[in-house]
Amino acid sequence: MHMLKFLQNKSSAYRGFAVLLLLVAISFILYGNTLSNQFVFDDIPLIVENSAIKSFKNIPEIIGFKNGTPLYRPVRFLSYLIDHSFSGLNPKSYHISNILYHAATAFVLFCLLKLLTGSASVAITGALLFTVHPVHTDSVAYISGRRDILCTLFYLSGFYCFILFRQKEKKLYMVLTSMLFAAALGSKEMAVTLPAVCLLYDFICVY
(Lines give C-alpha, C1' and ligand atoms only; values in the text may rest on other atoms or scores of the structure.)
Protein backbone atom coordinates (compact mmCIF):
# COMPACT_ATOMS: atom_id res chain seq x y z
CA MET A 1 0.00 0.00 0.00
CA HIS A 2 2.79 2.42 0.85
CA MET A 3 4.41 1.70 -2.52
CA LEU A 4 1.16 2.45 -4.34
CA LYS A 5 0.69 5.75 -2.52
CA PHE A 6 4.32 6.70 -3.20
CA LEU A 7 3.96 6.05 -6.94
CA GLN A 8 0.60 7.80 -7.16
CA ASN A 9 2.07 11.02 -5.75
CA LYS A 10 4.89 11.27 -8.29
CA SER A 11 4.90 12.96 -11.67
CA SER A 12 3.79 10.91 -14.66
CA ALA A 13 7.30 10.48 -16.14
CA TYR A 14 8.89 9.67 -12.78
CA ARG A 15 6.08 7.28 -11.92
CA GLY A 16 6.40 5.48 -15.24
CA PHE A 17 10.15 5.00 -14.81
CA ALA A 18 9.71 3.86 -11.21
CA VAL A 19 7.02 1.37 -12.21
CA LEU A 20 9.24 -0.02 -14.97
CA LEU A 21 12.15 -0.53 -12.55
CA LEU A 22 9.79 -2.14 -10.03
CA LEU A 23 8.41 -4.57 -12.60
CA VAL A 24 11.90 -5.49 -13.82
CA ALA A 25 13.07 -6.07 -10.25
CA ILE A 26 10.06 -8.24 -9.37
CA SER A 27 10.43 -10.23 -12.59
CA PHE A 28 14.06 -11.02 -11.80
CA ILE A 29 13.21 -11.90 -8.20
CA LEU A 30 10.55 -14.33 -9.40
CA TYR A 31 12.41 -15.84 -12.34
CA GLY A 32 16.07 -15.29 -11.48
CA ASN A 33 16.39 -18.97 -10.62
CA THR A 34 15.85 -19.81 -14.31
CA LEU A 35 19.17 -18.25 -15.31
CA SER A 36 21.01 -21.49 -14.59
CA ASN A 37 18.59 -23.60 -16.62
CA GLN A 38 19.69 -25.27 -19.84
CA PHE A 39 17.99 -25.68 -23.21
CA VAL A 40 15.17 -28.23 -23.01
CA PHE A 41 12.51 -29.81 -25.22
CA ASP A 42 11.71 -27.55 -28.20
CA ASP A 43 14.69 -25.33 -27.39
CA ILE A 44 16.92 -27.95 -28.99
CA PRO A 45 15.51 -27.91 -32.55
CA LEU A 46 14.42 -24.24 -32.42
CA ILE A 47 17.68 -22.82 -31.06
CA VAL A 48 20.56 -25.25 -30.61
CA GLU A 49 20.10 -27.06 -33.94
CA ASN A 50 18.69 -24.10 -35.87
CA SER A 51 21.39 -22.66 -38.14
CA ALA A 52 19.10 -19.79 -39.20
CA ILE A 53 19.52 -17.95 -35.88
CA LYS A 54 23.32 -18.07 -35.95
CA SER A 55 24.00 -15.25 -38.41
CA PHE A 56 22.34 -11.97 -39.35
CA LYS A 57 22.89 -13.02 -42.96
CA ASN A 58 20.09 -15.51 -42.41
CA ILE A 59 17.41 -12.86 -41.76
CA PRO A 60 15.89 -13.39 -45.25
CA GLU A 61 15.69 -17.09 -44.44
CA ILE A 62 14.00 -16.39 -41.10
CA ILE A 63 11.33 -14.15 -42.59
CA GLY A 64 10.97 -16.27 -45.72
CA PHE A 65 9.14 -19.27 -44.27
CA LYS A 66 12.39 -21.19 -43.72
CA ASN A 67 12.90 -20.75 -39.99
CA GLY A 68 13.17 -24.32 -38.77
CA THR A 69 9.48 -24.93 -38.00
CA PRO A 70 6.24 -25.35 -39.97
CA LEU A 71 4.78 -22.43 -37.97
CA TYR A 72 5.49 -18.93 -39.24
CA ARG A 73 6.83 -17.11 -36.19
CA PRO A 74 9.77 -15.06 -37.51
CA VAL A 75 9.73 -12.46 -34.72
CA ARG A 76 10.55 -15.10 -32.15
CA PHE A 77 13.45 -16.35 -34.27
CA LEU A 78 14.74 -12.82 -34.79
CA SER A 79 14.81 -12.44 -30.99
CA TYR A 80 16.81 -15.68 -30.77
CA LEU A 81 19.16 -14.31 -33.42
CA ILE A 82 19.81 -11.25 -31.23
CA ASP A 83 20.46 -13.45 -28.19
CA HIS A 84 22.82 -15.66 -30.17
CA SER A 85 24.77 -12.62 -31.36
CA PHE A 86 25.51 -11.74 -27.73
CA SER A 87 26.25 -15.11 -26.18
CA GLY A 88 26.12 -17.86 -28.75
CA LEU A 89 24.47 -20.90 -27.22
CA ASN A 90 24.79 -19.81 -23.61
CA PRO A 91 21.19 -20.23 -22.37
CA LYS A 92 21.57 -17.55 -19.67
CA SER A 93 21.15 -14.65 -22.09
CA TYR A 94 18.02 -16.25 -23.54
CA HIS A 95 16.53 -16.53 -20.06
CA ILE A 96 17.48 -12.93 -19.26
CA SER A 97 15.71 -11.83 -22.43
CA ASN A 98 12.58 -13.76 -21.47
CA ILE A 99 12.51 -12.03 -18.09
CA LEU A 100 13.02 -8.59 -19.62
CA TYR A 101 10.32 -9.20 -22.23
CA HIS A 102 7.96 -10.26 -19.44
CA ALA A 103 8.69 -7.07 -17.47
CA ALA A 104 8.23 -4.97 -20.61
CA THR A 105 4.86 -6.62 -21.25
CA ALA A 106 3.75 -5.85 -17.70
CA PHE A 107 4.81 -2.23 -18.18
CA VAL A 108 2.81 -1.93 -21.42
CA LEU A 109 -0.17 -3.31 -19.51
CA PHE A 110 0.38 -0.60 -16.88
CA CYS A 111 0.32 2.07 -19.60
CA LEU A 112 -2.77 0.55 -21.20
CA LEU A 113 -4.69 0.34 -17.93
CA LYS A 114 -3.70 3.90 -17.06
CA LEU A 115 -4.97 5.05 -20.44
CA LEU A 116 -8.25 3.14 -20.12
CA THR A 117 -9.06 3.91 -16.50
CA GLY A 118 -7.18 7.14 -15.75
CA SER A 119 -6.22 5.59 -12.42
CA ALA A 120 -2.57 5.06 -11.52
CA SER A 121 -3.49 2.76 -8.64
CA VAL A 122 -5.58 0.50 -10.87
CA ALA A 123 -2.84 0.43 -13.50
CA ILE A 124 -0.08 -0.36 -10.99
CA THR A 125 -2.15 -3.04 -9.27
CA GLY A 126 -3.05 -4.67 -12.58
CA ALA A 127 0.56 -4.65 -13.77
CA LEU A 128 1.80 -6.14 -10.50
CA LEU A 129 -0.81 -8.89 -10.59
CA PHE A 130 0.15 -9.67 -14.17
CA THR A 131 3.85 -9.82 -13.27
CA VAL A 132 3.49 -12.24 -10.37
CA HIS A 133 0.70 -14.44 -11.73
CA PRO A 134 1.88 -18.07 -11.96
CA VAL A 135 0.10 -18.60 -15.28
CA HIS A 136 3.14 -16.99 -16.95
CA THR A 137 5.65 -19.45 -15.49
CA ASP A 138 5.82 -21.65 -18.58
CA SER A 139 6.20 -18.72 -20.96
CA VAL A 140 8.97 -17.03 -18.96
CA ALA A 141 10.90 -20.02 -17.61
CA TYR A 142 10.78 -21.96 -20.89
CA ILE A 143 12.82 -20.25 -23.60
CA SER A 144 10.59 -21.55 -26.39
CA GLY A 145 7.63 -20.09 -24.51
CA ARG A 146 8.84 -16.66 -25.58
CA ARG A 147 6.30 -16.79 -28.39
CA ASP A 148 3.58 -16.03 -25.84
CA ILE A 149 5.47 -13.17 -24.20
CA LEU A 150 6.31 -11.48 -27.50
CA CYS A 151 2.81 -11.92 -28.84
CA THR A 152 1.31 -10.36 -25.71
CA LEU A 153 3.88 -7.55 -25.69
CA PHE A 154 3.15 -6.48 -29.27
CA TYR A 155 -0.59 -7.21 -28.98
CA LEU A 156 -1.05 -4.91 -25.97
CA SER A 157 1.25 -2.30 -27.51
CA GLY A 158 -0.80 -2.35 -30.70
CA PHE A 159 -4.06 -1.95 -28.80
CA TYR A 160 -2.52 0.90 -26.79
CA CYS A 161 -1.53 2.73 -29.99
CA PHE A 162 -4.98 2.14 -31.46
CA ILE A 163 -6.62 3.84 -28.47
CA LEU A 164 -4.19 6.75 -28.83
CA PHE A 165 -5.17 6.95 -32.50
CA ARG A 166 -8.83 7.25 -31.55
CA GLN A 167 -8.09 9.85 -28.88
CA LYS A 168 -5.57 12.00 -30.76
CA GLU A 169 -6.56 11.22 -34.38
CA LYS A 170 -2.96 11.13 -35.54
CA LYS A 171 -2.20 8.73 -38.40
CA LEU A 172 1.17 7.86 -36.88
CA TYR A 173 -0.58 5.87 -34.16
CA MET A 174 -2.49 3.85 -36.75
CA VAL A 175 0.77 3.11 -38.56
CA LEU A 176 2.29 1.96 -35.27
CA THR A 177 -0.80 -0.15 -34.58
CA SER A 178 -0.41 -1.90 -37.94
CA MET A 179 3.31 -2.51 -37.40
CA LEU A 180 2.78 -3.86 -33.89
CA PHE A 181 -0.05 -6.07 -35.13
CA ALA A 182 2.32 -7.55 -37.73
CA ALA A 183 4.96 -8.12 -35.04
CA ALA A 184 2.43 -9.80 -32.75
CA LEU A 185 1.19 -11.98 -35.60
CA GLY A 186 4.79 -12.90 -36.39
CA SER A 187 5.21 -14.04 -32.81
CA LYS A 188 2.11 -16.22 -32.48
CA GLU A 189 -1.03 -16.78 -34.52
CA MET A 190 -3.49 -15.80 -31.78
CA ALA A 191 -2.68 -12.14 -32.50
CA VAL A 192 -5.10 -12.38 -35.43
CA THR A 193 -7.80 -11.36 -32.92
CA LEU A 194 -6.38 -7.85 -32.40
CA PRO A 195 -8.47 -6.18 -35.15
CA ALA A 196 -11.60 -7.66 -33.55
CA VAL A 197 -10.59 -6.23 -30.18
CA CYS A 198 -10.09 -2.81 -31.77
CA LEU A 199 -13.51 -3.00 -33.42
CA LEU A 200 -15.03 -4.00 -30.09
CA TYR A 201 -13.37 -0.99 -28.45
CA ASP A 202 -14.87 1.25 -31.13
CA PHE A 203 -18.30 -0.26 -30.62
CA ILE A 204 -18.22 0.14 -26.83
CA CYS A 205 -16.21 3.32 -26.30
CA VAL A 206 -16.35 5.38 -29.49
CA TYR A 207 -19.61 4.93 -31.36
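Residues are numbered from 1 along each chain as its sequence is written, and side-chain values use heavy atoms, with hydrogens and water left out. Because the model is predicted, local features need pLDDT of at least 70 and side-chain atom pairs count only at pLDDT 80 or more, while totals for chains, interfaces and linings use all residues.

**Whole chain**

The chain has 11 helices and zero strands; helices (H or I, at least four residues) and strands (E, at least two) are DSSP runs, numbered from the N terminus. The order of elements from the N terminus is α-α-α-α-α-α-α-α-α-α-α. The radius of gyration is 18 Å, close to the 17 Å that the globule rule gives for 207 residues, so the chain is as compact as a globular protein of that length. That radius is taken over C-alpha atoms, and the globule rule is 2.2 Å times the number of residues to the power 0.38.

Along the principal axes, the C-alpha atoms fill a box of roughly 50 × 40 × 25 Å. Of the 207 residues, 45% are buried; buried means under 20% relative accessible area, exposed over 50%, and partly exposed in between (1.4 Å probe, protein chains only). Contact means heavy atoms within 4.5 Å. Among contacts with a separation of 6 or more, 68% are between residues 24 or more positions apart.

**Helices α5 and α6**

Next select residues 74-87, which are α5, and residues 91-117, which are α6. Two packed helices are described by the angle between their axes and the distance between the axes. Here the axes come within 9 Å and cross at roughly 130°. That makes α5 oblique to α6. Axes are lines fitted to C-alpha atoms, for helices over the stretch in contact, and angles run from 0 to 180 degrees between N-to-C directions. Angles under 35 degrees count as roughly parallel, over 145 as roughly antiparallel, 65 to 115 as roughly perpendicular and the rest as oblique.

Show side chains for S79, Y80, D83, H84 and S87 of α5, then for S93, Y94, S97 and Y101 of α6; these residues make the contact. They divide into three nonpolar, five polar and one charged. Ala, Val, Leu, Ile, Met, Phe, Trp, Tyr, Cys and Pro count as nonpolar, Asp, Glu, Lys and Arg as charged, and the others, Gly among them, as polar.

**P91**

Stay on α6 and select P91, which is in that helix. P91 counts as buried, at 8% relative accessibility. Leaving aside residues up to four places away in sequence, P91 touches N37, Q38, F39 and I143. For a distance check, pick the C-alpha atoms of P91 and L30: they are separated by 18 Å, with the residues 61 apart along the chain.

**S157**

Move to α9, residues 146-168, and select S157. At 13% relative accessibility, S157 is buried. Its contacts, not counting residues up to four places away in sequence, are V108 and L180.

**Two loop residues**

Most residues other than glycine have a negative phi. Select F41, in the loop between α2 (12-31) and α3 (43-48). Phi of F41 is positive, near 50°. F41 is exposed, with a relative accessible area of 71%.

Finish at E169, in the loop between α9 and α10 (171-185). Phi of E169 is also a positive value, near 55°, and E169 counts as exposed at 67% relative accessibility.
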